[in-house]
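Please keep the sequence and the structure in view while reading.

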Amino acid sequence: MAWSVTFIPLQQRELISFSLSQVSSVDIRSSRRNRNTSTETTDLRTSDNNISSEFSSSRSNDKRVDRKLSQSSDSSAVEEGIGIGSVDDGRSRRNLDFKKIGNIASGSSSMRPKDNSSPINSSSARRSEIVNEKPVRKSKGGVHYSHEVKEKKSEKGSKKITADLPEVPLRIRLDMCSKMGDVLGAISLYDSAIRDGVKMGQYHYTVLLYLCSSAAMGVIRPAKSGSGSRSLDLLSPSTNASTMDSDHDDDHDDEVDDYEGDDDVVDVKGQSRKQEADEILVGEDVKKYALEKGFEIYNKMCVENVPMNEAALTSVARMAMAMGDGDMAFNMVKQMKELGINPKLRSYGPALSAFCNGGHIEKAFAVEKHMLEHGVHPEEPELETLLRVSVEVGNAGKVYHLLHKLRANVRSVSPSTADLIEKWFKSKEASGVGKRIWDHKVIVQMMEKVGGGWHGGGWLGRGKWAVSHTSVEANGLCKCCGEKLALIDLDPEETDRFAESVASIATKREKNSSFQKFQRWLDYYGPFEAVVDAANVGLFSQRRFKPSKVNSVVNGIRQMNPSKKWPLIVLHNKRVTGRKMDEPVNKALIEKWRNADALYATPTGSNDDWYWLYAAVKFKCLIVTNDEMRDHTFQLLGNDFFPKWKERHQVRFSFSDVGPVFHMPPPCSVVIQESERGHWHIPIASNPESEGDRTWLCITRATACLVKQGSMTRQEGPEELEVHREQVNSNSRTDHQLQTPSIAHNKQKPEKAACRNLGKILSTLAKSSNCCSILIDIEAAEKLGIKTGLTQEREEAKLIAALCAGGRASAKSPTRMKVCKYSTFLPCDPLSFVAKRRPMESVFATVVQAPEDPILGVTIAYNKDPSPVKLNLGVGAYRTEEGKPLVLNVVRKAEQMLVNDLSRVKEYLQIIGLTDFNKLSAKLILGGDSPAILENRVAIAQGLSGTGSLRVGTEFLARHYHQRTIYIPQPTWGNHPKVFTLGGLDVKVYRYYDPTTRGLNFQGLLEDLDAAPSGAIVLLHACAHNPTGVDPTLDQWEQIRLLMRSKGLLPFFDSAYQGFASGSLDADAQSVRMFVADGGECLVAQSYAKNMGLYGERVGALSIVCKTADVARRVESQLKLVIRPMYSNPPIHGASIVATILKDKDMYNEWTIELKAMADRIISMRKQLFDALTARSTPGDWSHIIKQIGMFTFTGLNAEQVAFMTREYHIYMTSDGRISMAGLSSRTVPRLADAIHAAVTLIS
């Protein structure tokens, strides 16, 4: 069989000359499924010679043709005269019967019409019953008919009944063919119309082309029977069928505006698929015949100068796709623009599928480009198709581009898209792409710029990827790798615009200024921390409204509010005054809500959806409702910002025996996420009961060529596999879906040799702490084999890989493997295998190994380095000139005094700690003459050094302060974001350090604080900013104070280096005292780790300066409630040392002298390093070294330069270039200066 397609220009259109060798027979395979999945299959063979039908009224009668059944010699067939079929009650099988028409080779038709002149189509007889009826659009389920068929507009616009025109019954019959998916009946009608000279219009051709194009692709879906879901798959001549597109909004001109063809149907390359109910699968002969007739009909349409529309051209494009001709399909779309027709999303499907099926990736992306240029945006089916071809050709750039397209447009992906993504990451091409070295700071900055969750900087890392199916914990941590998933910020300005949009729509739709009254009510009684959609709650799981359920939910959510304030209850007035609301119990509830100023009754005739939605958006608070927010009301809000807002703010609920159960917003944004480490997390679309049940793909590098570990980038060898395992954290109970090596088909049969040392391999793997991280174990075994250079070892490694993969056999061999005498250790069940080789398995075997702290990682690497000249500048602790830890003399004296005091006991301290210590600590930071101390306005609690004090203050704020957002400087101490996040605050950053000047970005700081919402918390480093060493001047501090007080921002000081920065305790406390002197409120966390050298004693304090003494007493009482379940009470020894020194004048003076000596030595190290670099004429300005203050210096070195210094000079520091000046000495300064000079000279 041969196809011949010729393009003939005619009146700026394309006629297609199409020829097909004689079709000897046509095989229709009709299949219908009812709800019980039973299927009826009918095989019919027809000839192309006798497809016809009659239109005259004499041939169209009201009589039914009796059903007849017969069998041919080679196959059975059900042959039915007519019959539209019926669906009785939704449970019976729906039958669509094709009539055998024409002759089959030498056979003849078993059925003829009464005049015996031509075969009757299965549907044409039934169509005759309604020839004088008019289709009336009633529902999506089908077409209903009334009398008076057609109204035709006259030139003056008047309407005229034209039921007697022959094209009217033709249209009705074509409608029925479309409804039943009867392509052969439609073609028969077309042939008869041509023979009888019936004039056809745009509508007739559109229906015919739709049916022909559907049949050409192998599947006919009767009109209006689509499921409503969309998918776009690739057509392949070797497979049958799949759904492509569902777009029912065809806007036909005039006579076609009430025809809506159903979904495009195409084949899926290389995939099996379910046949959906009402689909009709056709055989190859019908496909070819429909294709020939389809092009014939299109040519006829062109010759007759019938106006084209989008539906007709899309159908031609689908026929081109059936031929595998993507260029022709794309040309149909281009024709639309030339004819002034706006293409739809479905218009591009055929060209996109054809190009992707043929592997023409550039042409496929040219289609996408054309779509975007014409305002058509691809959705997940289109993006999935592009992703499939990109994966198949191994184009990493396109895959990366599409992952971000899916992130932006789809968020959570379908299971089929997830399978494609998984296929890519398991491919060889994926393991070979990625940057070996990258600037971590730049990546972090890129992520912060876009709100978090992705950076768009390209693939990071090298090596194989580990793909796991996992879920996310309640705190947003991936259960597989332990990585914290991002809760992507919503732009405050965008939120405000969204609130204005909601108000604008509601104002126009609500009557009598009802909504404006509600806005004024909110301004007076707000803000609220939560809003309850009371109607949704009260009607939960029943038809009768129950106020008691509302009350239960209101009380529950109120207890969860930090301030315990009543939530806003929005309820329609008819519910408030409705039936049974005058009962005493219900009346009391309504009265209670009103007295609490918590109830707003929306007026009669209003839509309460607008009210509760606006209130939740306005106050940026939670909305308690199970409303899916998908109806027309919410569609007006668009699909860009609204879904993101809903994800962050909607609280769903249910009820248990003990009360309401709240399903809080997910702990992270349910969207594709790309981490700063190059890892990916892909949410899979589903309808889980809670977000904890949602499946995610966790995709990490199993073994990267270069591992970014804390402060350095280094080469990773086999011996460091365990260290890398800790970074990967892939030991959750997940399905890695590894492919089993085909060992059983190896000609050398290595199993026997492998078994001789299998015990050795098993014992090696048994030492691993992570039985579930299969990829790491396999690679360890493979590397072991490569390292020994023995074939036997390599074969053992392969064998272990197969066994760890779950004992799954290869596709060619369905038998699971067992191995010689070790078969008892290696059963078919992989879990049993793990259990047997580890009989003492811990119940905590699935606990995820957390990554090392970045700074501790520097120390680990330093300790492993055997070099005698190695230097550790990463540790944040003071060292002497000899590089030794220092215990202050005054501390030793105080300890001795405590030891000698036999009256001391080891009893518990009170919850807030040692009283003398608390008072003296507040005096030290605030000043002895501070009005806040004199007026008893300070609530003080002893803490576990600075970190513990920060955590107590954070949890107090999370419970009792109305704002939960804290702004921290960028950069800051690495532990700050973790403390605040786990304590219950939302962390945002403000600009602080300017890398170009290596100084303070003061203007950026002011701008960011000015943009912060009123009442936000701001973290301030009291002095010696960590890690930059850059502090504001006193004048700048004053400007910061004025701005924060004017905005109502709450200062939270971290004072870890008082006296350690400048050598003066008072000078280093100036910033704090400025904020206390103005009478405002603030929090201060103190630490004695650095300035007294009490690192291991964990001594600190939290001071909260309040407005009044009464408030301070209440705050102190709440601090006790925070501390009691956390650590009950603090330790006594370190606090006693501090109190002993601070209350003794002589010891205090001795301490200040020793403290000044430590500070001066650090200042001296700065001067020496600066002089050494100047003497070497090291490129760049290094004056920042002597301008910065405190323990740390931000050198300005990049990650590559740091790695160079570690590799060549054995000098260890964090990868951001921070060095601890306390770790330097006069002996080591020259070596550091040499290393910096070489790094900046050789590496730009």
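Which are the buried residues of α44? They are V1229, L1232, A1233, A1235, I1236, A1238, A1239 and V1240, where buried means under 20% relative accessible area, exposed over 50% and partly exposed in between, with a 1.4 Å probe and protein chains only.

## Basis of the model

The model is predicted: local features need pLDDT of at least 70, side-chain atom pairs count only at pLDDT 80 or more, and totals for chains, interfaces and linings use all residues. Residues are numbered from 1 along each chain as its sequence is written, and side-chain values use heavy atoms, with hydrogens and water left out.

The protein chain has a mean pLDDT of 75, and 70% of its residues reach 70 or more; pLDDT is the predictor's confidence in each residue, from 0 to 100. Over residues 233-260 pLDDT stays under 50, and the model has 125 contacts beyond four places in sequence for them. Contact means heavy atoms within 4.5 Å.

## Helix α44

Helix α44 comprises 14 residues, 1229-1242. Helices (H or I, at least four residues) and strands (E, at least two) are DSSP runs, numbered from the N terminus. From first C-alpha to last, α44 reaches 20 Å, close to the 20 Å expected at 1.5 Å a residue; the expected span is 1.5 Å times one less than the number of residues. The buried residues of α44 pack against α41 (1145-1175), α43 (1199-1209), β38 (1211-1212) and β39 (1218-1220).

## The seven-stranded sheet

Seven strands form an open sheet with mixed pairing, in the order β28-β36-β35-β34-β33-β29-β30. Two strands pair if DSSP finds at least two bridges between them. At the edges lie β28 (938-943) and β30 (986-991), each pairing on one side only. From one strand to the next the twist averages 25°. Strand β28 runs antiparallel to β36 (residues 1100-1105), and six bridges join them; V938 has V1105 as its bridge partner in β36.

Helix α36 (residues 1002-1011) packs on this sheet, touching β30 and β33 (1017-1021), and its direction makes about 145° with that of β30. Axes are lines fitted to C-alpha atoms, for helices over the stretch in contact, and angles run from 0 to 180 degrees between N-to-C directions.

## Strand β31 and Y993

Y993 lies in strand β31 (residues 993-994). It counts as buried because its relative accessibility is 10%. Beyond its neighbours within four places in sequence, Y993 is in contact with several residues, including Q970, P971, T1028, V1030 and F1194.

The largest nonpolar core has 90 residues, and I421, W424, F425, W459, W680 and I699 have the most contacts inside it. Helix α4 (residues 202-216) gives the most to this core, with 10 residues. A nonpolar core is a set of buried Ala, Val, Leu, Ile, Met, Phe, Trp, Tyr and Cys residues joined through side-chain atoms within 4.5 Å. Leaving out residues up to four places away in sequence, F425 touches L403, A430, W459, W465, V467, W680 and I699. A second, separate core of 65 residues includes F917, L920, L924 and W1151.

An open sheet of four strands, with antiparallel pairing, has the order β15-β24-β23-β22. Its edge strands are β15 (465-470) and β22 (673-674). Four bridges join β23 (residues 680-683) to β24 (residues 696-701), and W680 has I699 as its bridge partner in β24.
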